[in-house]
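Please follow the description below with the sequence and the model side by side.

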Amino acid sequence: MMMNPNTIPLQIGDEQVRLLESLSNACAVSGDEGEVRKIVLDQVRQVTDEVKVDALGNVLVTRRGKTGGRLRVMLAAHMDEVGLMITHDEGDGIFSFEIVGGIDIRQLAGKPVRIGREHIPGVIGAKPIHLTDRGELESPISLETLRIDAGPGSTKVKIGDRATFATSFLRLGPSLRAKALDDRLGVAILIALLKNPPAGVDILAAFSTQEEIGGRGARVAAFNFAPDLAVAVDSTPAYDLPSWDGTENAVYNTHLGAGPALYIADASTLSDPRLIRHFLQTAEALQIPYQLRQPGGGGTDAGAIHRQRAGIPSLSVSVPGRYAHTAASIVRVEDWQNTLSLLHAALDRLSPAVLAEER
């Protein structure tokens with residue numbers, strides 16, 4: 001499906017890519033989202049009606065619409081990323097650590113990292129293959145055997161410092177390669193919507209904290225906002241690589257290049273069917289490419305939001321990305337663009353009548 005160019009109110013250009021680069025390169029592991037929070041505040045302060053930072057570090061922003069009878073729509077995108085936390089100084093620049101969020105320990109060895117707010121460089125070291133026996137090679141690497149080596153004299157590294165992968169943002173033709181695109185893409189999308197808001201709704205934007213360890217920030221943000229409905233804007237895994245044996249890959253979750261992924265169900269949420277229909281109808285009417293995420297595991301801030309107050313109708317919309325929760329993800333710029341376009345159009349067409357429909 002090709003998008004009708006007349007339906008594109010917001011274009012992803014060099015300015016948006018530079019913003020995403022600064023967001024991605026920031027270190028903001030769960031519980032220490034300060035770097036990203038500063039960027040967000042700098043971007044939204046001059047274009048919003050209200051902005052505040054709550055006790056959990058969420059940035060809560062209100063941008064009111066211009067028409068009567070407006071719905072109050074919460075949009076959530078999490079500022080945090082998966083990463084590491086320094087737990088013990090073993091001397092001579094060697095540090096033990098724990099993982100924060102969902103990370104596959106098998107892919108950590110040898111990865112360069114940046115530690116703390118000063119981005120102190122280090123590397124995750126493991127026993128070299130020259131000294132490894134066959135039994136060790138046949139066993140998975142355990143977290144207890146890994147250390148971060150920041151070199152002698154690393155006096156600025158402290159217990160509790162977070163560490164993130166030292167992957168620099170890179171444009172690769174139609175693609176982007178970077179760390180933490182889950183969910184800096186969502187953060188960039190919310191900023192764009194606040195700067196160019198649909199007139200018919202009040203946008204209640206939650207740049208949330210601690211999503212990767214249980215949606216903690218979104219829970220209190222939803223309670224604060226008490227919205228009529230909510231949309232979590234995130235990035236979801238695309239496991240769309242060819243099968244090793246040539247058979248059809250039937251568990252792809254999503255595909256790169258197929259547009260924003262709308263959720264029917266995940267491990268924590270059954271999306272509201274009225275919102276699913278509204279977004280599908282909008283995409284079809286305006287010829288905006290989309291896909292349905294395969295129902296299954298995982299989750300977004302919607303899992304915490306929809307259970308607040310007396311229940312909040314919720315939906316998740318995600319940009320597909322390969323290699324989530326690793327040192328480098330790959331996404332397509334066109335999927336980012338189409339996600340932004342669909343969100344803007346669906347919000348622009350939203351009215352109380354949508355929630356008055358039968359579920």
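Phenylalanine 279 is in contact (heavy atoms within 4.5 Å) with Val231, Leu262, Leu315, Val317, Leu342, Leu343 and Ala346, its neighbours within four places in sequence being left aside. A second, separate nonpolar core of 19 residues includes Ile120, Ile124, Leu143 and Ala327; a core of this kind is a set of buried Ala, Val, Leu, Ile, Met, Phe, Trp, Tyr and Cys residues joined through side-chain atoms within 4.5 Å. The model is a predicted one, in which local features need pLDDT of at least 70 and side-chain atom pairs count only at pLDDT 80 or more, whereas totals for chains, interfaces and linings use all residues. Residues are numbered from 1 along each chain as its sequence is written, and side-chain values use heavy atoms, with hydrogens and water left out.

The largest nonpolar core has 62 residues, and Phe279 is listed with Val40, Phe207 and Trp336 as those with the most contacts inside it. Helix 4 (residues 181-195) gives the most to this core, with ten residues; helices (H or I, at least four residues) and strands (E, at least two) are DSSP runs, numbered from the N terminus.

Arginine 274 lies in helix 6, which covers residues 273-286. Arginine 274 has a relative accessible area of 10% and is therefore buried, where buried means under 20%, exposed over 50% and partly exposed in between, for a 1.4 Å probe and protein chains only. Beyond residues up to four places away in sequence, arginine 274 touches Pro313, Val354, Leu355, Glu357, Glu358 and Arg359.

Aspartate 133 is found in the loop between strand 7 (120-125) and helix 3 (134-137), and because its relative accessibility is 44%, aspartate 133 counts as partly exposed. Aspartate 133 and leucine 41 are 92 residues apart in sequence and 52 Å apart in space, C-alpha to C-alpha.

Turning to the strands, an open sheet of three has the order 10-11-17 with antiparallel pairing, two strands being paired if DSSP finds at least two bridges between them. Strand 10 (170-172) and strand 17 (329-332) stand at the edges, each with a single partner strand, so one side of each is left without a neighbour in the sheet. Strand 11 (residues 175-178) is joined to strand 17 by four bridges, the two running antiparallel, and alanine 178 stands opposite serine 329 in strand 17.
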